Structures are given as C-alpha cells and as structure tokens.
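The exercises below ask you to work through a structure step by step, and each task is followed by its solution.

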Amino acid sequence: MAAIPQQLIGQSPAWLATLDQISGSAALDRSMLVIGERGTGKELVAARLHFLSPRWEKTYIPVNCAALSDELLDSELFGHEQGAFTGASKRRLGRFERADGGTLFLDEIATASARVQEKLLRVIEYGEFERLGGDQTLKVDVRVIGATNVDLPAAVKKGNFRADLLDRLAFDVITLPPLRIRKSDIFPLAEHFGRKMAVELGEESFPGFAPEVMEFMADYDWPGNVRELKNVAERAVGRAFNDEGGLTAPIRQINIDPFEAPWRLTNEDKPDIPKPISPDTPDIQGTDFTERTHAFELSLVKEALSQCENHQGRASKYLGLTYHQFRGLLRKHGLRK
Ligand SMILES: Nc1ncnc2c1ncn2[C@@H]1O[C@H](COP(=O)(O)OP(=O)(O)O)[C@@H](O)[C@H]1O
Ligand SMILES: [Mg+2]
C-alpha cells in the first residue's frame, strides 16, 4: 500500500478544472496517461486517481521506469523464475502480480524498452503475461496509469513508442497545467511548503514570506514547477532559521538557483560600506564618554550590516556576538524596522 495521499493545494481555475477531470477519470476503470512538465504533480495526481477509484482499498504501486535498466524493469514489472538470468537465484513476483486488483503507476513510461512496451500492451489488453524465464501464462487485473513529460505522439512518429500502446493508454489523458499559467496557486503553495518546513524545524508559527518575496515568486516562471517552488520555499525557511536562530520575521531572502551566487532581495539599494570609526575618530572627539561609545557602537553595527548585506544573522557573527546580543544593539540604536 502506498502512503496516505498527500494534500493537493491549489484554487486556480486551471487547477480546479484539472481536479474535476481527475475525479471524473478516477471512476473510469481504464488505463490512462498523466502528462505534464517536470514538477507539475504527476505522481501526486496518479495516486489520487487510484485513491478516488473503486480500487482504492487495493494495492497502489508506483514504478519509475527510468530508474531501472531494460532487463531489471522487465523483471521488476513481470517477475522472473529462478535461474531466468545470472543472479536470479529465486523466483520473484513482479509488480503486476503484486498489484493484482489495484493500480500500477508507471512513471516516465516513455523510457520503457520496446520489449517492455510490447508486454505492457498485452497485459493492458488481455491481463496476460509470463514471468521472465517462465512459460506459464498468468492473469491479473491491474489498472495502469502512465506518466511522462515526453510528447508521446511525437515519440510514436519517431518510432520510439508503440502506437498501439499509446492508443490504449490515451483512453484518457490528463494534462497538468504548468505553474506559470496558474499564478494564483503560487502563494498558497509557498505558504504550505514554508509552514511545513517551519513545523519540521520545530517552530510554533510561520511568519510567512515578505511582500517583496511574494512579488518575485509571482513574477518568476518556475520552469521546475511545484517541485522547484517547494525547494525554494523550504530552502528560504531553512536558511532564515539557521541565520537568525529562529523564524522571527517574514522571510525576506530567497535564492532560486542554489548553484549560482545567491540572488538577493533587498528593499533598499546596497548602501556604501561606511568606514568604521574608531574611538579617536576626529568627529567624535571632544564629546563625552557616553556619546562617544554610543557613536562607536553604532558605527560598528552599521559596518557589520553593510559588510553582510543587511543579513542580521551573519552580521552578529561578524561582530562575534550572539544573535540576541546583536538584536539588542539594533533596538538600542533604533535600527529595527
Ligand atoms: N498541487 C500540489 N499540492 C501540493 N504539493 C504538490 C502539488 N503538486 C506537486 N506537489 C509537490 O511537488 C513535488 C513534485 O510533484 P511530482 O508529483 O513528483 O511531480 P512530477 O511527477 O510531475 O515531476 C512533490 O513534492 C509534490 O508533493
Ligand atoms: Mg515524477
């Protein structure tokens, strides 16, 4: 049995229309395809198709076709007899046998070899197959849901995918909308992932994302769709937590590409780095002790902030202070917004 189905977030018209289609298709006991760019939620949708179907109490098994070599995929799906190939020391039941009565989800189905495609066609049409190295024909009742981000009709034209298998699978096709055409889902998804991350970090509440971050998220195209948004949101929450010793204020920094130099969101232009004053800097000479230490302290804090791009967690380290000591200084000098 697969885990309890995850919550599907989204209220945009395109997503609601997709959910409608999913509910309708789930009831049809036929093979079908879930198509969509990477990260659009194909795996989640396939699981939902199963759990909304009459087979919901039976087994749901996902298999990623791209994760296995041709021979391993064949034996994973259809099983093998003892001695079927080097290393096959015992008979092994395949996923089709184990999913009998339930649903088999074939992710990245376009990568299946010609031989596996041929066997898939037969098991979908007649429910029949043989284990590798076996001659007994077995019968199963399995609903197949395939997923891919490959243009299957084009793959058929190029001779890379069987036309008859595509016809079978394409009984119903659910095409998931990319995130960039359902922008109103970005904010609820980001909140959802951010909140979950905060809980994971042991925080009691989640301060949310700052408006300028939300604005950036809404404008960005999200080529990696929901998966990319999830990573960006979780990373931002994780970093804020580490740098600031907790989640105290709305998150103001996000980083889209973890490989590139961080792209930072700041409200103000980066100030020129002020030259730190020293206790004997001329313009604070002559004033009294309290004013001079106050001015010196303030200049150290400002220098640390600008050296650290206004990052309070790093600025406190820069000065060798704890985060709380540093926040105390900010308060004292009226630098907290
Ligand atoms: N509508 C949604 N609500 C909540 N989480 C989602 C939604 N769509 C996708 N996700 C999450 O995004 C990630 C990518 O989804 P997945 O189904 O693996 O995408 P795909 O198989 O299309 O590449 C997963 O962590 C999934 O839980
Ligand atoms: Mg996937």
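**Exercise 1: the surroundings of ligand 1**

Task: find how many residues surround ligand 1 and which of them are the closest.

Solution: In this predicted model, 15 residues surround ligand 1, and the closest are Ile9, Gly41, Lys42, Glu43 and Val226. As a next step, look for the elements that give two or more residues to this shell, which are α2 (42-51) and α10. Sorting the shell around ligand 1 by class then gives four nonpolar, six polar and five charged residues. Finally, consider the domains: domain 1 (13-177) and domain 2 (183-267) both give residues to the shell, so ligand 1 lies between them.

**Exercise 2: helices α8 and α10**

Task: determine how α8 and α10 pack against each other, and at what angle.

Solution: Begin with the axes of helix α8 (residues 186-200) and helix α10 (residues 225-244), which are 8 Å apart and form an angle of about 45°. Since angles under 35 degrees count as roughly parallel and 65 to 115 as roughly perpendicular, α8 is therefore oblique to α10. The crossing of these two helices is right-handed. On the α8 side, the contact is made by Ile186, Leu189, Ala190, Phe193, Gly194, Met197 and Ala198, while α10 contributes Val226, Leu229, Lys230, Ala233, Glu234, Val237 and Gly238. Grouped by class, this contact of α8 with α10 has ten nonpolar, two polar and two charged residues.

**Exercise 3: helices α1 and α2**

Task: describe how the axes of α1 and α2 cross, and list the residues in contact.

Solution: The axes of helix α1 (residues 13-27) and α2 come within 8 Å, and the angle at which they cross is roughly 45°. The two helices α1 and α2 are therefore oblique to each other, and their crossing is right-handed. From α1 the contact takes Ile22, Ser25 and Ala26, and from α2 it takes Val45, Arg48 and Leu49. The classes in the contact of α1 with α2 are four nonpolar, one polar and one charged.

**Exercise 4: helices α3 and α5**

Task: decide whether α3 and α5 are roughly parallel or roughly perpendicular to each other.

Solution: Helix α3 (residues 70-78) and helix α5 (residues 114-126) pack with their axes 9 Å apart, at an angle of about 20°. Because angles under 35 degrees count as roughly parallel, α3 and α5 are roughly parallel to each other. Their crossing is left-handed. In the contact, Asp70, Leu73, Asp74, Leu77 and Phe78 of α3 meet Arg115, Val116 and Lys119 of α5. By class, the contact of α3 with α5 has four nonpolar, no polar and four charged residues.

How values were computed: Residues are numbered from 1 along each chain as its sequence is written. Chains are lettered from A and ligands numbered from 1 in the order in which they are written. This is a predicted model: local features need pLDDT of at least 70, side-chain atom pairs count only at pLDDT 80 or more; totals for chains, interfaces and linings use all residues. Axes are lines fitted to C-alpha atoms, for helices over the stretch in contact, and angles run from 0 to 180 degrees between N-to-C directions. Helices (H or I, at least four residues) and strands (E, at least two) are DSSP runs, numbered from the N terminus. Angles under 35 degrees count as roughly parallel, over 145 as roughly antiparallel, 65 to 115 as roughly perpendicular and the rest as oblique. A crossing is left-handed if the near helix is turned anticlockwise from the far one by less than a right angle, and right-handed if clockwise. Two residues are in contact if their C-beta atoms, placed from the backbone, lie within 7 Å. Ala, Val, Leu, Ile, Met, Phe, Trp, Tyr, Cys and Pro count as nonpolar, Asp, Glu, Lys and Arg as charged, and the others, Gly among them, as polar. A residue is near a molecule or strand if its C-beta atom, placed from the backbone, lies within 6 Å of it. Domain bounds come from an automatic or database domain assignment.
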